[in-house]
Amino acid sequence: MMKTFRANGEGMKIVKRFEGCQLKAYRDEVGVWTIGYGITNSDKSITGRTIKRGMRITKDTANKWLLESLRKKYSPLVNKYDNMSLKHLFRFVLILEVLKC
């Protein structure tokens, strides 16, 4: 029986550790405007805003956006393609790999 991935406190800690948090918008290595824990304009349905130069957010906003992106964007992807019974921690490794795409 397939287990469903769910974002939780443990998973949030892992993503935060590997992703890091920037409260001021910056261009990533390929020139994409990014803020918080790797949030970009592809996440506009979560943020409701356009990430651009000079934009700043609070740590609370960064946490909220991370949780929403895990729940709405990345968890469904992992659950869709995960047909093996993986341990919860390994699922977060998959999430981290998806975040890099």
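1. A residue is called buried when its relative accessible area is under 20%, exposed when it is over 50%, and partly exposed in between, using a 1.4 Å probe and protein chains only. By that criterion, 38% of the 101 residues of the protein chain are buried. The structure is a predicted model, in which local features need pLDDT of at least 70 and side-chain atom pairs count only at pLDDT 80 or more, while totals for chains, interfaces and linings use all residues. Residues are numbered from 1 along each chain as its sequence is written, and side-chain values use heavy atoms, with hydrogens and water left out.

2. Confidence. The predictor's confidence in each residue is expressed as pLDDT, from 0 to 100. The protein chain has a mean pLDDT of 80, and 70% of its residues reach 70 or more. Confidence is highest in strand 1, at a mean of 97, and lowest in helix 4, at 69. Where pLDDT is low, the predicted coordinates should not be read in detail.

3. Overall organisation. Helices (H or I, at least four residues) and strands (E, at least two) are taken as DSSP runs and numbered from the N terminus. The protein chain contains 4 helices and 3 strands, arranged along the sequence as α-β-β-β-α-α-α. Contact here means heavy atoms within 4.5 Å. Among contacts in the protein chain with a separation of 6 or more, 53% involve residues 24 or more positions apart.

4. Two strands are treated as paired if DSSP finds at least two bridges between them. The 3 strands form an open sheet in the order 1-2-3, with antiparallel pairing. Its edges are strand 1 (22-27) and strand 3 (39-40), each of which pairs on one side only. Strand 1 is joined to strand 2 by 3 bridges, and Gln 22 has Gly 36 of strand 2 as its bridge partner. The link between strand 2 (residues 33-36) and strand 3 consists of 2 bridges; here Ile 35 is partnered by Ile 39 of strand 3. Strands 1 and 2 make a hairpin with 5 residues between them, and Gly 31 in the turn has a positive phi of about 90°.

5. Two residues of the sheet. Which residues does Thr 34 touch, not counting those up to four places away in sequence? They are Lys 24, Ala 25, Tyr 26, Asp 28, Ile 39, Thr 40 and Ile 51. Thr 34 belongs to strand 2 and is buried, at a relative accessible area of 3%. A polar atom of its side chain lies 2.9 Å from the backbone oxygen of Val 32. Leu 23, in strand 1, is partly exposed, with a relative accessible area of 34%. Beyond its neighbours within four places in sequence, Leu 23 contacts Ile 35, Met 55, Arg 56, Ile 57, Thr 58, Lys 59 and Ala 62. Leu 23 and Thr 58 are 35 residues apart in sequence, with C-alpha atoms 6.3 Å apart.

6. The nonpolar core. A nonpolar core is a set of buried Ala, Val, Leu, Ile, Met, Phe, Trp, Tyr and Cys residues joined through side-chain atoms within 4.5 Å. The largest such core has 19 residues, of which Val 15, Ile 35, Ile 51, Met 55 and Trp 65 touch the most other members. Helix 1 (9-19), strand 2, helix 3 and helix 4 (88-99) each supply at least two of its residues, and the largest share, 4 residues, comes from helix 3. Leaving aside neighbours within four places in sequence, Ile 51 is in contact with Ala 25, Trp 33, Thr 34, Ile 35, Ile 39, Thr 40, Asn 41 and Trp 65.

7. Ser 69 lies in helix 3 (residues 59-81) and counts as buried, at 2% relative accessibility. A polar atom of the Ser 69 side chain is 2.9 Å from the backbone oxygen of Leu 66. Ile 95, in helix 4, is likewise buried, at 0% relative accessibility. Ile 95 and Val 15 are separated by 80 residues in sequence and by 8.3 Å in space, C-alpha to C-alpha.

Notes: Polar contact = N/O pair within 3.5 Å; in protein donor to acceptor, adjacent residues only side chain to side chain.
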